[in-house]
Amino acid sequence: MTANKIIFFTLILSFNIGLLQALDLSSTFNMGNLGFSSTNTSSTPHVIWGFSVTGKEDISDSIAFSGSVINDEISGNRLDSRLIFKSTYVIVGIGPSIASFNNGQLQPKPAINGIATVQKEGVFFLTSEIYSTFGNLSDPANDYSQLETSIALGFNVPNAICTFSFRNKQYTQFHSDSSAFVTKTTDLQNRYQMEADIHKKNIPFHLLITLGYKSIQRLFPSNDPEERSTAGIGSAFIGVGTIVKISKAFVLQAGIDSGLYNFSLSEELTPEDLPLYLFNTFLTATYTF
């Protein structure tokens, strides 16, 4: 699976390297241990990671285009594109996506992604995003589906932006045996959080403070050989991070979430099976060409 990921991203980036001029280019890497192995028969906690590369260009004052190469630690690999229409109070974006290299083989799948935002600049914003594949069971023997949804509400207060958000990610692996019996294994991740982005005029860095709850669950098929139904972990966490403006064109953002109270969500995992320290860390670099 790792080799396929490397091949996928190398090909995409090589093909598009000539298009990365006059763009806002952003790259993110994240890693944590609130997850399970990509082997969908495992119920053991495991280190997971993901990364993405996104380019965005303003075509005019009201139209922008973005494209992303994404390896998500839960939902898997995909290539997004989006046309964005902007006005003073509303932002709407939609575009096609292609998923691939998610079940040990090429198997491209069509998908769609979209975003809608209502805002009053400097006062509040409400934004929602969705990504979903089409055509479940297009392969009669081995198939998959992906789904991501999110919603966020933010308010500007003196020297800070306070945001309340929810994000859900799902990845389902389908398998049909010789008798045409279809089974599925699903990974689910939910994240609820409150974040304060604290900043002050003319100071080139922000302080990010986050408090929230997140969970990961693996739902096993009804004919699981070990008779498992669900393996899950929940974690109440606190996070700290920063945004640093290195220059007018270059911005870094980094942070880490630390579990305050971690617990099992199923009988498949006991408290002793959980890592002593649950974490997630990320680093994002943005450069304006």
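Buried residues have under 20% relative accessible area, exposed residues over 50%, and partly exposed residues a value in between, computed with a 1.4 Å probe and protein chains only. The model is predicted, so local features need pLDDT of at least 70 and side-chain atom pairs count only at pLDDT 80 or more, while totals for chains, interfaces and linings use all residues. Residues are numbered from 1 along each chain as its sequence is written, and side-chain values use heavy atoms, with hydrogens and water left out.

**View 1. A salt bridge links Lys 86 and Asp 58.** A salt bridge is a side-chain nitrogen of Lys or Arg within 4 Å of a carboxyl oxygen of Asp or Glu. The closest N and O atoms of Lys 86 and Asp 58 are 3.0 Å apart. Because Lys 86 belongs to strand 4 (residues 76–86) and Asp 58 to strand 2 (residues 48–58), the pair ties together parts that are 28 residues apart in sequence. Strands (E, at least two residues) are DSSP runs, numbered from the N terminus. Asp 58 is partly exposed at 48% relative accessibility, and Lys 86 is also partly exposed, at 23%. The structure holds 13 salt bridges.

**View 2. Asp 257 forms a salt bridge with Lys 214.** Here the closest N and O atoms are 3.7 Å apart. Asp 257 lies in strand 13 and Lys 214 in strand 11 (residues 205–219), so this bridge ties together parts that are 43 residues apart in sequence. Both Asp 257 and Lys 214 are buried.

**View 3. Asp 80 and Arg 78 form a salt bridge.** Their closest N and O atoms are 3.1 Å apart. Arg 78 is buried at 6% relative accessible area, and Asp 80 is buried at 10%.

**View 4. Tyr 287 and Phe 289 form an edge-to-face aromatic pair.** Rings of Phe, Tyr and Trp (its six-membered ring) pair if their centres lie within 6.5 Å; planes under 30 degrees apart count as stacked, over 60 as edge-to-face and the rest as tilted. The centres of the Tyr 287 and Phe 289 rings are 5.2 Å apart, with 75° between the planes. Tyr 287 is partly exposed, with a relative accessible area of 38%. By this rule there are ten aromatic pairs. Elsewhere, Phe 166, Tyr 192, Tyr 213, Tyr 261 and Phe 263 form one aromatic cluster.

**View 5. Gln 107 and Asn 159 have positive phi values.** Most residues other than glycine have a negative phi. Gln 107, with a phi of about 35°, is found in the loop between strand 5 (90–99) and strand 6 (109–120). Asn 159, with a phi near 65°, lies in the loop between strand 8 and strand 9 (160–176). Gln 107 is buried at 14% relative accessibility, whereas Asn 159 is partly exposed at 46%.

How values were computed: Helices (H or I, at least four residues) and strands (E, at least two) are DSSP runs, numbered from the N terminus.
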